[in-house]
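Let's go through this one together, question by question. Have a look at the fold first.

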Amino acid sequence: QVQLVESGGGLVQVGGSLRLSCTASGRAFGTYAMAWFRQAPGKDREFVASIGWSGSSTSYEESVKGRFTISRDNAKNTVYLQMNGLKPEDTAIYYCARVRTLYGRSVDYWGQGTQVTVSS
């Protein structure tokens, strides 16, 4: 069983920045792709970004390209999401996930989520 614990959410003004972290339990973290998803009130959960096991390959949802950066530190079993230029439409609960492939959306494990609120 893998546990994913997110942190770093909060309230930020438009144009501000936040960095989310997700730390995984278990010894095989460095062999799996990881991803961030988000769910806004009244909407379906959507893909935000993913990163391959080595960190050399990434994928982003179109609306966050150029503003968000996903990265990982396999020595710390942690994946990050640096969010810059935040907009009100980025307000959502952000979930970390272990995914089966970089470009797929099949999730093996979810974190509990962390709230991000962007105020105007």
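Q: Which residue in the turn of the β7–β8 hairpin has a positive phi?

A: This is a predicted model, where local features need pLDDT of at least 70, side-chain atom pairs count only at pLDDT 80 or more, and totals for chains, interfaces and linings use all residues. Residues are numbered from 1 along each chain as its sequence is written, and side-chain values use heavy atoms, with hydrogens and water left out. Strands are DSSP runs (E, at least two residues) numbered from the N terminus, and two of them pair if DSSP finds at least two bridges between them. β7 and β8 have 4 residues between them, and the one with a phi of about 55° is Asn77.

Q: What is the order of the strands in the open sheet?

A: The sheet has 4 strands with antiparallel pairing. β1 (4–7) and β7 (68–73) sit at the edges, each pairing on one side only.

Q: Why is the pair of Phe37 and Trp110 edge-to-face?

A: Rings of Phe, Tyr and Trp (its six-membered ring) pair if their centres lie within 6.5 Å; planes under 30 degrees apart are stacked, over 60 edge-to-face, the rest tilted. Here the centres are 5.0 Å apart, and the pair is edge-to-face because the planes are at 65°.

Q: Which ring does the charged end of Arg105 sit over?

A: That label needs NZ of Lys or CZ of Arg within 6 Å of the ring centre and within 35 degrees of the ring normal. Arg105 has its charged end 3.4 Å from the centre, and the ring is that of Phe47.
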